[in-house]
Each structure stands twice: as C-alpha cells, then as structure tokens.
Amino acid sequence: MTTVVPTSEEDPVLPVVRFTAELSWADAGPEVAEPQVTRLCMEAQECMVMGRWLDLASLMLTSADIVFSKVSDKDLECIFTVICNLVSKLETPNEELEAAKLISTKITQQPTDKPAIRLKILFNLYNLLEGPDSRFFVYMQALNLALNGKVTDHIVPSFKKIDSFLKEWNVGVKDQRNLFLAVANVLKENKSSGKDSFKFLTKYLATFSGEDSHVMSEAKDEAVRAIIEFVKAPDTFQCDLLDMPAVGQLEKDAKYALVYQLLNIFLTQRLDAYLEFQAANSTLLKSHGLVHEDCITKMRLMSLVDLGCNDSGQIPYTLIKDTLRINDDEVELWVVNAITAKLIECKMDQMNQVVIVSRCTERLFGQQQWHALRSKLASWRGNVASLISTIQANKIVEEEGSQAMQGMAIR
C-alpha cells in the first residue's frame with residue numbers, strides 16, 4: 001500500500017482525496033469506482049478554488065472515515081494531518097470552531113478502535129487551532145476519548161497545565177464544571193492518581209455556589225462520591241467539603257443524609273462516634289465499598305489529630321489509649337503512625353507518659369481556622385515588631401557607647 005506523503009511540490013489535499021476515495025470504493029469494481037473517485041476529486045478541487053474549506057473538510061472526512069480499518073497508523077496520521085491543516089485556512093473563530101467540531105467528532109466516533117492514534121490526531125488538531133473556544137472543545141473531546149478508549153495515560157500529563165489552560169480558554173463556570181468532572185473521571189479510571197482525582201472532584205463541587213436548588217441537585221451524586229473517596233483515602237486527612245453548598249445540601253436529603261453524617265463524623269468527631277454510626281449503618285458502609293477496619297484505622301489517626309489540637313499542647317497516654325480504644329503498648333505506635341503521616345509533630349515523654357505536640361494538622365480549614373490563623377499572624381507580627389524595636393534600641397545604645405569611648409580616646 002502506498003503511503004500518503006505530503007510534498008512541497010504539490011498541495012497534498014488532492015492526493016489524499018484520491019487515496020481515500022480509492023480505498024472507499026475499492027470493493028465496488030473499477031467501472032463503479034473510477035467515476036466516483038473522479039467525482040470526489042473534482043468536488044474537492046472546486047472547494048479549493050472557491051475557498052470552501054469547511055465543505056472540503058466535510059468531503060475529506062466522509063471518504064477518510066473508512067481508512068481507520070484499512071491503513072496503518074502512519075498513514076492515518078498523515079491523512080488526518082492534511083485534513084486538520086485545513087483549519088489554518090479558515091478566517092473567523094466561528095468557522096474554526098465549526099471545523100474543529102466536525103473533525104474531532106469524526107475522530108472520536110469509535111473510541112475503542114485505535115484510541116491511541118485517534119488521541120494523537122486530536123492533539124495535533126489542538127496545536128493547529130488558535131481560537132480558545134476551539135481548543136477547549138477539542139480538549140474536552142480528547143478527555144472523553146481517553147476515558148472511553150481507556151488510554152488515560154496519554155492525557156494525564158497535560159493536567160499539570162490545567163490552570164494555564166483555563167486562563168487561555170477563559171471559559172465560563174459551566175464549562176469549568178464539565179472540565180473538572182471530566183478530569184476527575186479520567187484520573188479515577190487511571191487509578192494511579194487518587195489524590196488528584198479527589199482534588200478535581202472538589203474543584204467541580206466548588207463551582208456550585210449560589211445556584212438554585214434544581215442546578216444544585218445535579219451535584220448530589222458527585223458530592224456523595226467525593227465523601228466516599230475522602231473516607232476511603234488512607235492518606236487524605238483534611239478537606240473543606242463541609243463548607244461547600246453542593247455537599248451541604250445532603251444534610252437533610254432523604255437519600256443521602258447518612259452519607260453527610262459520616263463525613264461530619266470523620267471531620268469533626270472521634271472514633272467512638274464512628275463506631276456508634278457503623279453499628280447502626282453497616283449495610284450503608286458496605287454498599288459504598290467502605291471497609292470497616294480501614295475506617296477504624298483512619299478514624300484513630302484523625303481522633304489523635306483532634307486530641308493534639310487542644311490548647312495545652314500535651315496529650316496524656318491514657319487519653320490516647322481510651323480515645324483510640326487500644327492497649328497501653330500500642331499508644332506510641334499510633335503516635336509514630338501519626339508522625340509518619342505528617343499529621344503531627346511531637347515528642348513522647350515516656351517518663352511522664354505524655355505526648356508534647358508542637359504542630360498539628362487541622363482536619364477542617366474553614367472560617368474558624370482562618371480567624372485563628374489571622375490571630376496567630378497578628379501575634380507573630382507584634383512579637384517581630386517588638387523584637388525589631390529592641391534590636392534597634394540596643395544598636396543605638398551601642399553606637400552611643402562607641403562614640404563616647406572614641407571621645408575619651410581623643411582627649
């Protein structure tokens with residue numbers, strides 16, 4: 001099979017049209033095929049002469065559709081490179097967007113057939129586009145293709161640039177919402193980025209602010225998903241889900257109120273509250289794939305964090321033992337586990353049987369925590385200002401003393 005290779009001596013469009021038309025009509029026999037190929041080539045030439053680039057793209061895509069099953073990946077990429085290059089000939093953003101929709105929709109029609117090469121073609125198309133609307137549309141198509149074609153590894157690296165992409169695209173809240181959810185779904189499917197999936201899911205939920213109840217209800221299932229993902233995550237101990245209206249709506253929801261209660265226990269209460277909840281709702285936990293032993297482990301760590309946030313900065317061993325419901329010889333092990341998880345910084349005073357806490361991670365970081373942080377910063381600022389004043393006063397005294405000594409030496 002001849003490989004289609006664009007050359008500088010000839011516009012590659014017509015050779016591609018002929019090549020794909022011959023493939024499409026190959027089974028019809030020469031008597032039927034030759035007139036059809038000639039017709040398609042003449043139509044393509046007319047589109048080029050008249051500058052009807054959208055019509056030309058549509059024509060080429062009709063013939064090129066069949067090539068996915070008949071040519072190599074190299075030929076596919078070459079053919080679609082020629083087709084995608086047509087977007088550079090369009091003069092308005094609306095025409096570019098229409099062409100981007102036309103081409104990317106055709107590429108993603110069968111996501112499970114050669115998904116990797118289809119995704120590569122979409123990336124090539126993206127890089128040829130100039131309009132932010134066109135680029136956003138193609139990127140969303142690429143996300144869906146990666147998810148449906150199970151080639152998420154190819155698109156996950158681009159998520160590091162999402163913030164810069166958003167600035168470039170300048171899309172509205174609804175589009176941001178769709179983007180964050182699509183990214184979260186890709187990361188969930190990827191299974192190697194649990195924290196990142198949860199991060200984008202919370203970004204999605206955060207876009208529901210000030211919405212009416214009808215719009216807000218769209219987020220219920222994802223709010224439940226975020227709660228369950230947080231509870232399951234063995235290395236995530238802090239979130240602001242309770243401050244989000246999309247999550248708050250679950251508190252009085254007939255179907256999901258218990259899920260909200262579970263989140264509230266993990267973020268504001270201790271192990272005893274969880275054990276009481278589990279005893280009454282074990283079926284609910286199992287239905288969401290939660291493992292009781294894993295929940296106990298996480299709640300012990302979070303309960304220890306809660307103990308460490310008291311004003312005294314000291315936690316008696318006996319209090320840890322009773323709160324975590326463990327044996328005497330397990331207390332220090334759980335403190336070490338909390339240190340390893342970077343939840344607390346502390347020293348263990350074995351003589352006095354107390355843990356001396358120097359830093360503790362807050363489970364929640366809402367309005368109350370911001371006020372506390374502001375107070376601490378104000379206190380630190382005052383202490384620093386006082387220290388600077390003391391240093392300056394001592395410096396003046398030293399300079400005056402030095403000048404007096406010089407005066408005595410002159411005499």
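A word on the ground rules. This is a predicted model, in which local features need pLDDT of at least 70 and side-chain atom pairs count only at pLDDT 80 or more, while totals for chains, interfaces and linings use all residues. Residues are numbered from 1 along each chain as its sequence is written, and side-chain values use heavy atoms, with hydrogens and water left out.

**Confidence.** The pLDDT is the predictor's confidence in each residue, from 0 to 100. The protein chain averages 88, and 89% of the residues score at least 70. Among its elements, H7 has the highest mean pLDDT (97) and helix H19 (residues 367–410) the lowest (61).

| Helix | Residues | Number of residues | Reach, first to last C-alpha |
|---|---|---|---|
| H3 | 53–64 | 12 residues | 16 Å |

Buried means under 20% relative accessible area, exposed over 50%, and partly exposed in between (1.4 Å probe, protein chains only). In H9 the buried residues include Arg177, Phe180, Leu187 and Asn190. They pack against H7, H8, helix H10 (194–206), helix H11 (213–216) and helix H12 (220–232), where contact means heavy atoms within 4.5 Å. Just after H9, Lys191 takes a positive phi of about 65 degrees.

H3 is mostly covered, with 9 of its 12 residues buried, among them Trp53, Met60 and Ser63. Its buried residues pack against helix H1 (13–24), helix H2 (30–50), helix H4 (73–84) and helix H5 (93–107).

**H7 against H8.** Helix H7 (residues 132–148) and helix H8 (residues 162–169) pack at about 140 degrees, their axes 9 Å apart. H7 is therefore oblique to H8; angles under 35 degrees count as roughly parallel, over 145 as roughly antiparallel, 65 to 115 as roughly perpendicular and the rest as oblique. Axes are lines fitted to C-alpha atoms, for helices over the stretch in contact, and angles run from 0 to 180 degrees between N-to-C directions. Pro132, Arg135, Phe136 and Tyr139 of H7 meet Ile162, Phe165, Glu168 and Trp169 of H8.

Key:
Helices (H or I, at least four residues) and strands (E, at least two) are DSSP runs, numbered from the N terminus. The expected span of a helix is 1.5 Å times one less than its number of residues.
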